[in-house]
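I would like to take you through one chain, and I will ask you to keep the structure in view while I talk.

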Amino acid sequence: MAANLAIASSAISTLYRIVVYIFLEVAPVSKAKYVIPVLYLAYLLTTHFGTPAFSEIIAVKQEVVTIEQEKSDQNGGVVTDVAVSETTAVVPVVEPPTLKSALSTIIFSAPSPVRVLRRANLVINTLLLFAVAEFILFPYFDSASDVVYTRVGALYPDTAKIVVRYPAANATENLVRVAWRQASGPTDSDAAWREGPIANLTAERDWVQTVNLQGLWPNTQYEYRFEYLNKTALPYPATPIRFHTAPDPRLHSGSHYRFIASSCMTPNFPYLPLHGRRIKGLDLLADYLWPSQPAPTSMPNAAVQESASESSPSTAEDNSTSAENATAPATNVTTAVVPESSVPPTEFMLFLGDFIYADVPAYFGDDKEAYRRLYRRNYNSPSFRKVYERLPIIHTYDDHEIINNYAGKGNVSLPPFPNATNAFELYNAEANYDPVEKGQYYYDFRYGDAAFFVMDTRKYRSDIFSDDPTTHTMLGDKQLTALYDWLGRVNNTAVFKFVVSSVPFTALWTYEALEDTWAAFPYEKSALLSAFQSVPNVIVLSGDRHEFAAIEFESGDAGHNVLEISTSPMSMFYVPFIRTLKPRSEEVVNKTREEIVVKEDGTQEVLKYVEEVPREKVIKYIAEGNYKWATIEVDTRDYSHPIVRVEIVIDGKPAYNLEVLGKPVKLQSTTALGAFVPQSFKGVLDRIGLKPSRWF
């Protein structure tokens, strides 16, 4: 019995280590936090009552001599009667452990008679339990209540939204003024500081405030710091924070810039002991954007030679691929004449949701402070500070900012939505672009020749397990109306149109994605896709699935194809070995092909035939990687050949390139007077206190 317990102890210990490894390094499955302590307790009990196995057991014969009686013989001598008995004893023989047997014991918890090895296994398993406890409990005990930070959010041509958190000791409020000036050079500026808005920081709002810095020039570099009301500079930030205002969208002079898109992050995953505040994906992003040494030349984009509809899903081994955007046949596009230049600046980041994981690895309840603590923890991360102090960030939210697979049903009082969105508003949403209707989390904005619509996919989402499927909605009536209105407004006023969804628009992802993505809302999705395909150059950006995929939505003979780029996680788990994306949809559309046939007499005849092609098809799919983001480069300097270049970066290294050739869009002319005002003259007006942004 005891020997069987020893074998059971070994098996339980091995299973325990596998579960711990999966929980800390592969995927922090919530149920594992209950399984791990049970396995550890079972290991302790079986180890305590189990008898260690030995290398060999032998039987040893022993002779025992017993003196029974002494007596005198006839000659007067002493005679001793001796009884000899033979017994057999079972003696364990412990052989000295070899290196191989010791490693087997340590790695696989194999039974061992060597006490030191048994104790080593106990220490290892106990340390693993402490690691699990640190990973689960660190977010609770790391309150980050004293974190001081600032960042830039939405950037308009004449306004910047600035977030500041500056707690005051032994007080309930703290008044902090923003001081700003135009940044004249790459380093220090000699311009005088100007008084900006005052942030009224209160304990009730967790010492966070977003202020609007107004009266700025389009496409201009500025810097800011904080001061007390007596104009004494505060110690943070040590150096002024710089930002660059957006170009005036009315000036159709062409755009060339980059932005980052990704979603899903949590500190210290995969787990590393005593690194509870590190977010490795953001460390890699900072190195990518601002390398300490000159970075190697990015992978070239080959000239487009074939239609994306002829591409096929491929794996991560292919490092560079150019594909035609779903909006223009590649065979009809010639090479742009715009000369090559240096890499354009990265202007902002779109974070597509799951900024925090309120329910992973543990849910600390429907509590306002619990949600706020997770946001503070992220902003207290040295990894994140490297990014948000230098790059404006625009946010949307997804389910893990609330709770897994949350569906709001249009009820803003449905728990835990109120407490969860209170923290989201304070830390992220208030710095986004202004919504059309106050209190909404969907919004649109312009940056150069590109227009963006950011969806709210949670507040109005229907319960898909009830009611008539034809009535299910993800966006709700008001948001749908706003989206359709936006499509009409930007059709001929923007070159590229980016629709941002926190969850994938494609229905090709399977398993739980069938319930959480747009696949669960087929009627609303079909209507939206028809609307998207009526407008040229629509690109959907999404996240959530912890994988990368580029998807083409075929329009057939009518309309424009749509492209989706889905990229995540920024810094979280991915699922190895299991692939959840289908290569193409079962739904098809009719597409007319033309073929030129040369007859015997030398004349040519154009033959037309109709074929069925998938409605949705994978262009590229890469599942591997804990750290993924998409770098989107918008280039409209040549309006006859607008281009979007996509670079997918995985674990800090470029993994895939895609070139999207857009259709030319005849933009409306501008009446903006600022187009004709030299920058030097603007600077003169600025210095004498005039407000040119009110004029142009």
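Predicted model: local features only at pLDDT ≥ 70, side-chain atom pairs only at ≥ 80, totals over all residues.

The chain has 696 residues, of which 51% are buried, and its secondary structure amounts to 12 helices and 24 strands. If we take the contacts between residues at least 6 apart in sequence, 73% of them join residues that are at least 24 apart.

Let me turn to strand β23, residues 643-650, where 8 of the 8 residues are buried, so the strand is largely enclosed by the rest of the structure. Both of its faces are covered, with Ile643, Arg645, Glu647 and Val649 buried on one side and Val644, Val646, Ile648 and Ile650 buried on the other. Strand β22, residues 628-635, is joined to β23 by 8 bridges and runs antiparallel to it, and within that pairing lysine 628 has isoleucine 650 as its bridge partner. Strand β24, residues 653-661, is likewise antiparallel to β23 and joined to it by 8 bridges, with glutamate 647 partnered by asparagine 657. β23 and β24 form a hairpin with 2 residues between them, and in that turn aspartate 651 has a positive phi of about 55 degrees.

The other set of strands is an open sheet of 3 strands, in the order β3-β4-β7, with antiparallel pairing. Here β3 (149-155) and β7 (208-214) stand at the edges with a single partner strand each, so one side of each has no neighbour in the sheet. Direction ignored, neighbouring strands of this sheet are turned against each other by 25 degrees on average. β3 and β4, the latter covering residues 159-165, are joined by 5 bridges, and arginine 151 has valine 163 in β4 as its bridge partner. Helix α8 packs on this sheet, touching β3, β4 and β7, and its direction makes about 35 degrees with that of β7.

Next comes helix α11, residues 522-532, in which Glu524, Lys525, Leu528, Leu529, Ala531 and Phe532 are buried. Seen down the helix axis, the buried residues of α11 fall within an arc of 155 degrees, so they line one face of the helix. And what covers them? The cover includes helix α9 (476-490) and several strands, among them β15 (496-500), β16 (538-542) and β21 (616-622). Lys525 has a further contact of interest, in that its charged end sits over the ring of phenylalanine 505, 5.6 Å from the ring centre.

Tyrosine 442 is in the loop between α8 (417-427) and β13 (443-447), while phenylalanine 453 is in strand β14 (residues 450-454), so the pair ties together parts that are 11 residues apart in sequence. Tyrosine 442 counts as buried at 3% relative accessibility, and phenylalanine 453 counts as buried at 1%. Finally, there is one aromatic cluster whose members include Tyr156, Tyr257, Phe348, Tyr443 and Phe498.

Key: Residues numbered from 1 in each chain as written. Heavy atoms only, no water. Helix = DSSP H or I, 4+ residues; strand = E, 2+ residues; numbered from the N terminus. Buried < 20%, exposed > 50% of the residue type's maximum accessible area, 1.4 Å probe, protein only. Phe/Tyr/Trp six-rings, centres within 6.5 Å; stacked < 30°, edge-to-face > 60°. Lys NZ or Arg CZ within 6 Å of the ring centre and 35° of its normal. Arc of directions from axis to C-beta. Contact = heavy atoms within 4.5 Å. Pairing = 2+ DSSP bridges. Axes fitted to C-alpha atoms, helices over the stretch in contact; angles between N-to-C directions.
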